[in-house]
Amino acid sequence: MAWNTNLRWRLPLACLLLQVLTVVLFGVFVRYDAEADAHWRTEKKIRNISSDLENEFYYRYPSFQDVHVMVFVGFGFLMTFLQRYGFSAVGFNFLLAAFGIQWALLIQGWLQSRQNGYIFLGVESLIKADFCVASVCVAFGAVLGKVSPIQLLIMTLFQVTLFAINEFILLNLLEVKDAGGSMTIHIFGAYFGLTVTWILYRRNLEQSKQRQSSVYHSDLFAMIGTLFLWMYWPSFNSAGSEHGDTQHRAVINTYCSLAASVLTSVAVSSALHKKGKLNMVHIQNATLAGGVGVGTAAEMMLMPYGALIVGFICGTFSTLGFMYLTPFLESRLRVQDTCGIHNLHGIPGIIGAIVGAVTASYATPEVYGESGLVHYFDFEGLKEKWTTKTQGKFQVFGLLLTLAMALLGGTIVGLILKLPFWGQAADENCFEDSVYWEIDEENSAVHLPEDPTLKPPAPVVPSVP
Amino acid sequence: MAWNTNLRWRLPLACLLLQVLTVVLFGVFVRYDAEADAHWRTEKKIRNISSDLENEFYYRYPSFQDVHVMVFVGFGFLMTFLQRYGFSAVGFNFLLAAFGIQWALLIQGWLQSRQNGYIFLGVESLIKADFCVASVCVAFGAVLGKVSPIQLLIMTLFQVTLFAINEFILLNLLEVKDAGGSMTIHIFGAYFGLTVTWILYRRNLEQSKQRQSSVYHSDLFAMIGTLFLWMYWPSFNSAGSEHGDTQHRAVINTYCSLAASVLTSVAVSSALHKKGKLNMVHIQNATLAGGVGVGTAAEMMLMPYGALIVGFICGTFSTLGFMYLTPFLESRLRVQDTCGIHNLHGIPGIIGAIVGAVTASYATPEVYGESGLVHYFDFEGLKEKWTTKTQGKFQVFGLLLTLAMALLGGTIVGLILKLPFWGQAADENCFEDSVYWEIDEENSAVHLPEDPTLKPPAPVVPSVP
Amino acid sequence: MAWNTNLRWRLPLACLLLQVLTVVLFGVFVRYDAEADAHWRTEKKIRNISSDLENEFYYRYPSFQDVHVMVFVGFGFLMTFLQRYGFSAVGFNFLLAAFGIQWALLIQGWLQSRQNGYIFLGVESLIKADFCVASVCVAFGAVLGKVSPIQLLIMTLFQVTLFAINEFILLNLLEVKDAGGSMTIHIFGAYFGLTVTWILYRRNLEQSKQRQSSVYHSDLFAMIGTLFLWMYWPSFNSAGSEHGDTQHRAVINTYCSLAASVLTSVAVSSALHKKGKLNMVHIQNATLAGGVGVGTAAEMMLMPYGALIVGFICGTFSTLGFMYLTPFLESRLRVQDTCGIHNLHGIPGIIGAIVGAVTASYATPEVYGESGLVHYFDFEGLKEKWTTKTQGKFQVFGLLLTLAMALLGGTIVGLILKLPFWGQAADENCFEDSVYWEIDEENSAVHLPEDPTLKPPAPVVPSVP
């Protein structure tokens, strides 16, 4: 299967077509939100706003920037762990996210905030677009090293669209709560990506096995991604929350959950190795599971100890997943999940959705305050007769629908990507940057002193018991 | 030309002299701004301010921190792409920026905000100082690898001064709009740096050619710089804008423009390679061109699709510049531009200045609101009779003046730096850290297993068609 | 001394026990602060707060995130400079900090903000917990490479507890001012860590000497840590300050001080080398000394030139310390200080404490405003009869007490850690990741082209004079 990986005309055409399309659609549909429009001076008077600080910008911009870092540096560098795929990890993530945010602004805007035929952009739109793209970055983790940039652009085009539809149904029709997107972002992204990689199954991938591992410094680069994801996750889970106590609480819950998942990841990682050694893959990934798991309930009155318990469980199961589930999925179910997204986003996402449903079901007026409960869950208007149990049920519907959408969507998109003319590499050339990147081979090796008798530092310890 | 690169007394003396000078000038002239002074408690009552949030600090501090990251990590790491010049890239950038911000606080403060003989520091001063230093970082890109740290300190001393004068003329006398500094920062920095490197032309630089390229991991380090610049550019272009809708709009425009330039950079980069492979240099640099190009008009009612078009054009021309213009400039015009700043800051800067002039010229009361137009362009007092066309004309004057200042200033500073006693390296020792840094050669090589028969992972794919 | 470094049961048990303990204590004691609780809607009306922006969250969240980055990426990557200890530097720092913040929330909450038996969490608690953990990260620098993760967890458990007690005595009983924690964080962390490493003296550590140095790329990784610490230090020193001018002023002072310490570090580093070459260790560390030194006085009316002078002095003495004091401490006093924390946190911390005491002593109503002086130093209630001299004296008491607590606490904890069953490595296996991390040796070496005749780029310049 020696596919043609020369993208000379296909990739430029794909990029330019998509970008021209976006420009045209932006021209027709997209305008500034009232709070970003020069008419704001008049608008302020109408709305009787005295301080510019009441502009939504000041409530959300710092969180937006943190989310932006997570999408581009966080996911980008997390995937640089492969020894010869760093350029593609960071570069293709950059490409797909840069296209994805534009497309998301259009589709999400069209579905959720169209007024008089126009889409109005403000800082909340930027956050929502970044959220949507995060879901594509998750899916990218499953197919990392096995797809061409054209396939990624196509996947982004479809996944963003399906994401927005699923999100619209969950948040606007089912009135589900999902602050940090355990369902809309993580479950959708994970099972979509896993289905795509299942369809794209490569029989002879072990021919690239040598390259499907890390080297010392590539693991350190990946830790840059891990840490920026970990540190900014409280911003992620709170970026779209309501002002005041809700944003505040989402931060605290996420902070706690993440801390706990670090300890249990380390514990399980060490317990699973016969000499008790830690595995870098677990530390890079499972430590983040707490952020995924607390996504749906981040805004809720989960209580700090509740958040710790969620992180505790997610860190544990995520690490176990890397150890036992990933090899099983690959050998038995033919799901080749490069980054183990099932362990970082799939399992913790499902835990998060269930935690959210349960926490909503058991919400009481004592804990939220009478007006707080009605306000937080919007038990007004059409939802006037809802109880917390109703909310809990709808949370479960949301979970199931998301799974269905992801599996169905992933199948269709997988089949499209399976077509042989997208420039994908042969099985023996996977996980290799030089397929798509100009690399000066002579220089790409790290240079050494010419004198071969020069003694290098001992690479291993003389005798570790 | 075996110059003496031993900086033992020259560098310490230069640093200490400049630092003592700065301390003395700060002692004589610099005080806290009213909003950072302990008298604020009284001041608040006088100004009838009820909330501490109305302190400028809360409007701007998050953006300031983002700009700070761009200057130190963004520019610093962007320049680590060279295989043996990472210490100098990050370290000298650190040094010149640390001195530059102090000097900029003095000169900008003296020119723009002196009151009763004092300079008053607040968060806006810190942002403006970082902006000014960004311009020096741009120029550093042109001379990277060819100058000593002493030359960089001298260049910073002069460039900051000239920058502040040019900025003062543009913003305060010509009343030009330049939110993100397409003119004041990028054009000035680029043409200043290019002129300096033209004066410092090195005939035998190809003797260092071997080191004037990247290795695999140095390119990944550079991507850290690229991404932090890209992600935080919306903060850069909005950091100094007016409160409310103006800051909000500058963020949206920059976000859009940057996204578009990623796609066109990738498109052109792939189209220019005979096998359609991407070039890391383009991805590291041209993807940022959208941020430069939208600098002047970032605050204006450019419309989101307008911002996309600007990014589209800048990404395209920037990549073409790397491919065709840089070699031409080097071979024909003797301009040795190490980082290709002409493509990232020069061309997109000029595009940005023109976009700004045109957008200002065609501003209408319908789009800005009657009061908004007058307010945004300050068509009051001395400017009462100005029309948007007048504004447009002055924008063009600003562009031309900036070019003249940069070329003239660059020539003078270049001639000063050409003097032979600043510790510059010989042509064959350029782009080499060990000239100015203690490097333990034995350890600086990446260590390897001692057994030479150990089979390393295949560095190239067996057969890429 | 071939200790058993197999942590298979010990590390998991330690992690799980500590995490279960934390969950239980959180369950019993920890609740949301009023501003993060769903009852906030009612609370707001009681407190007559009209805007959600008055929620503490919006005053502090951006600074909190910066501090968070400093703790996890800043300290983590700063310590990756060792050639074979990057995984442990980043990973163990991650582990201890993730546990430490939970424990700090409990102990600090219990001592400082317990109400009706409960601890209430808000964004200020998160900042204080990060501060506390920063102190443990400092101490980690002294013992880096020589302790097992279990020892680190035990050290964290005790150090966090002692830190919180010391902080309580200083801030709440002695009413000392210490915005950026020159005393509570840096002096305490440094002398605690130095005492621990003194107790844990390893006689034959030179057997690991080969690994106790950097390689080229590990030094670049460390610069990521340095720069994020440097850039976000203004947030650190201002994160806990009072709203308004105080936070604003703390940022300006820290910005100035840090800038000055870069120039003097470079000056002294170059002057100390016979060829005037810079030492990467100095640039990575001493440039940060200005942030430590201005910690106590950051909020005070130190004046910008005062901040510059502090940075000037700290950069100088810190670099001199690396050159002369560290070797002396090791050879004569048996203090093996891996990262040189005495130079970065010890000396500048003491300078900072003295600067704070002096600045407080000489505070005048002219400079602070009559009400400002009383307000800033809390000269009300029990402190009504205090003068600025009294404040100065108490600042000195705070310094002395902190030193005593650190030495005493360090001794006790050092003795506990000296017990032989914590999984520490033998002297010849220190500074080596593979003791505690699964490393695929074949892949951990950077791969090279197989052809040994391939000429690598010259690693050194042919003839540097």
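How exposed is Phe317(A), buried, partly exposed or exposed? In this predicted model, where local features need pLDDT of at least 70 and side-chain atom pairs count only at pLDDT 80 or more, Phe317(A) is partly exposed, with a relative accessible area of 44%; buried means under 20%, exposed over 50%, and partly exposed in between, with a 1.4 Å probe and protein chains only. Residues are numbered from 1 along each chain as its sequence is written, and side-chain values use heavy atoms, leaving out hydrogens and water.

Phe317(A) belongs to helix α12 of chain A, residues 304–332 (helices are DSSP runs, H or I, of at least four residues, numbered from the N terminus). Together with Tyr305(A), Ile309(A) and Ile313(A), Phe317(A) makes a nonpolar surface patch of about 320 Å², a patch being built from residues with over 30% relative accessible area and no salt bridge, with nonpolar side chains joined within 5 Å.

| Feature | Value |
|---|---|
| Residues in contact (heavy atoms within 4.5 Å) | 93 residues from chain C, 94 residues from chain B |
| Buried area (accessible area lost on being put together, 1.4 Å probe, summed over both) | about 8300 Å² |
| Salt bridges (Lys or Arg side-chain nitrogen within 4 Å of an Asp or Glu carboxyl oxygen) | zero |
| Residue pairs in polar contact (N or O atoms within 3.5 Å, one able to donate a hydrogen and the other to accept it; residues adjacent in sequence count only if both atoms are side-chain atoms) | 28 residue pairs, both at pLDDT 80 or more |

On the side of chain C that touches chain B, α9(C) gives the most, with 18 residues.

How values were computed. Chains lettered and ligands numbered in written order. Patch = residues over 30% accessible without salt bridge, like charges linked within 9 Å, V, L, I, M, F, W, Y side chains within 5 Å. Areas by Shrake-Rupley, 256 points an atom, 1.4 Å probe, with all protein chains shown as cover. Helix = DSSP H or I, 4+ residues; strand = E, 2+ residues; numbered from the N terminus. Buried area = accessible area lost by both parts, 1.4 Å probe.
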